There are 2 protein chains.
Amino acid sequence: IAGGTPKGIPLDDKFHIDVERCKEALDNAAVLILNSPGNPTGAVESGESIKAIVQYAEDKGATVISDEVYEHFVYEKKHYSAGCYGDNVVTINAASKTFSMTGWRLGYVAGPKDFIEQAVKIHQYCQTCASSVSQYAALAAYNGSIACVDEMRREYAVRRDLLYNGLKELGFDFPKPEGAFYMLVPMDRKQFEKILAAGVVAIPGDAFGENAVNYARFSYAASRENIAEALRRIATAV
Amino acid sequence: IAGGTPKGIPLDDKFHIDVERCKEALDNAAVLILNSPGNPTGAVESGESIKAIVQYAEDKGATVISDEVYEHFVYEKKHYSAGCYGDNVVTINAASKTFSMTGWRLGYVAGPKDFIEQAVKIHQYCQTCASSVSQYAALAAYNGSIACVDEMRREYAVRRDLLYNGLKELGFDFPKPEGAFYMLVPMDRKQFEKILAAGVVAIPGDAFGENAVNYARFSYAASRENIAEALRRIATAV
């Protein structure tokens, strides 16, 4: 888009951003896309990392686009919002994950005034607006109690442990996700296809870029029963 | 878009497409956008015109994009769908006008298989999908009785006559709209601004291209009471 070339920044062995590597990439970048809590890794970046990256980007004149749609699904750590550390940050969020409202198709963007003015022009022609029905529903959700979100966070934490421990017992070794509701599990294409054939849906890692080949993404936004059943099928398949 | 340059084709004095002029334009065109019933004119093209244009476009290898969102709001004439006369036609329609569901943001496209395959790629990244709530609502609307649409057509016809006769009495002289729920009324910028200042909302003609300067578009998708009130205010303003 706009003549840019996307480049992935390899993560460290805990799926975290290597701040020094990120700074190097920023030396020649116009835009950095941050995503913490991360899809597909489930990694949550520390406040120190976010702050260092945003401030370095600001010095270099690069815009940070911070996708924070999983901000409410952080299990042991804390969420840090990039927009707190600089002015040249565009924050993306949505009702989709926070309130389990994916089908309602409503998100929002916060950023510098001149950026938003330009973005609205594109938005007008591509979308006009989100459905008015969805806008009223989201208004009720954001103005309502956050208790349902807390409840889902606790539930996702249980599901994460269920799936993570199950996969570990089956011999898969990978960092425990700290947020979102995904895990990125190392496996070769053959294993992946056996699991798929057993009726367990996962996304092949290459859908997430060249750095994620030989991984597969599993979602635990599924009932405990279905996760248990999936683990049984994976055990039989691999 | 895609390096194309949009060119308006001047209409005849009844706001209809001049087929010969349209053919000339097609000699150097990749795409023709047809819109009958038309916004902002309210003109409805004859079957002969649509057929002649689509067949000529097909011969020249130009794609016809036919916006037919007002197809159900034709008052004395009949609606002819461009897609009936050729294969290289992309038909655009929506629940928005047909079922007064503008806020639900759901439309559809019908066209050649290879066109749709490419369009889906863009759609996936720009929209993902229409809201699931809207999809179920539209499903109910399209599978339900058409009686409510017939009722609105009869009502719009009454409103059209109310607004058209009122404007004629005030001295505005223009072709009577045959469809949709708009009228394109000739007036200079001064008159337009007086009417706006009187609290009657209209759209300046230049929003519809260089051929519509010195016109203003009025919508009669408003209650009879509001149309009567608007006429009173216009009478005082001009």
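Predicted model: local features only at pLDDT ≥ 70, side-chain atom pairs only at ≥ 80, totals over all residues.
Axes here are lines fitted to C-alpha atoms, for helices over the stretch in contact, and angles run from 0 to 180 degrees between N-to-C directions. Helix 6 (residues 147-169) of chain B packs against helix 8 (residues 224-237) of chain B at an angle of about 10 degrees, and the two axes are 10 Å apart. Angles under 35 degrees count as roughly parallel, and helix 6 of chain B and helix 8 of chain B are therefore roughly parallel to each other. On the side of helix 6 of chain B, the contact is made by B:E155, B:V158, B:R159, B:L162, B:L163, B:G166 and B:L167, which meet B:R224, B:I227, B:L231 and B:I234 of helix 8 of chain B. Sorted by class, this contact between helix 6 and helix 8 of chain B comprises seven nonpolar, one polar and three charged residues.

Attention now turns to the sheets of chain A. Strands of a sheet pair through backbone hydrogen bonds, either parallel or antiparallel. One sheet of chain A is open and has four strands in the order 1-2-3-4, with mixed pairing. At its edges stand strand 1 (31-35) and strand 4 (107-110) of chain A; each has a single partner strand, so one side of each is left without a neighbour in the sheet. Neighbouring strands of this sheet are turned against each other by 20 degrees on average, with direction ignored.

Strand 2 (residues 63-67) of chain A runs parallel to strand 3 of chain A, and four bridges join them. A:V64 has A:V89 in strand 3 of chain A as its bridge partner. Strand 3 (residues 89-94) of chain A is also joined to strand 4 of chain A by four bridges, and these two strands run antiparallel. Here A:I92 stands opposite A:V109 of strand 4 of chain A. Strand 3 of chain A is mostly covered, with five of its six residues buried.

Chain A also holds an open sheet of three strands, in the order 5-7-6 and with antiparallel pairing. Strand 5 (182-186) and strand 6 (203-204) of chain A are its edge strands, each pairing on one side only. Two bridges link strand 6 of chain A with strand 7 (residues 215-219) of chain A in the antiparallel sense, and A:P204 has A:A216 in strand 7 of chain A as its bridge partner. Helix 6 (residues 147-169) of chain A packs on this sheet and touches strand 5 and strand 7 of chain A; the direction of the helix makes about 5 degrees with that of strand 5 of chain A.

In chain B, strand 5 (residues 182-186) is joined to strand 7 (residues 215-219) by five bridges, and the two run antiparallel. B:P186 stands opposite B:Y215 in strand 7 of chain B. Four of the five residues of strand 5 of chain B are buried, so this strand is largely enclosed by the rest of the structure.

B:T63 lies in strand 2 (residues 63-67) of chain B. Buried means under 20% relative accessible area, and B:T63, at 18% relative accessibility, therefore counts as buried. Residues up to four places away in sequence aside, B:T63 touches B:A30, B:V31, B:L32, B:N88 and B:V90. B:E58, in turn, lies in helix 2 (residues 47-60) of chain B and counts as partly exposed at 33% relative accessibility. Leaving aside neighbours within four places in sequence, B:E58 is in contact with B:G86, B:D87 and B:N88. B:E58 and B:L196 are 138 residues apart in sequence and 44 Å apart in space, C-alpha to C-alpha.

The cysteines complete this tour. A disulfide is a covalent bond between the sulfur atoms of two cysteines. Over all chains, the structure holds zero disulfides. For B:C129, the closest cysteine sulfur is that of B:C126, at 13 Å, too far for a bond; the cut-off for a disulfide is within 2.5 Å. B:C129 is partly exposed, with a relative accessible area of 30%. A:C148 is likewise partly exposed, with a relative accessible area of 42%.

Terms used:
Residues numbered from 1 in each chain as written. Chains lettered and ligands numbered in written order. Heavy atoms only, no water. Buried < 20%, exposed > 50% of the residue type's maximum accessible area, 1.4 Å probe, protein only. Parallel < 35°, antiparallel > 145°, perpendicular 65-115°, else oblique. Contact = heavy atoms within 4.5 Å. Nonpolar A, V, L, I, M, F, W, Y, C, P; charged D, E, K, R; others polar. Pairing = 2+ DSSP bridges.
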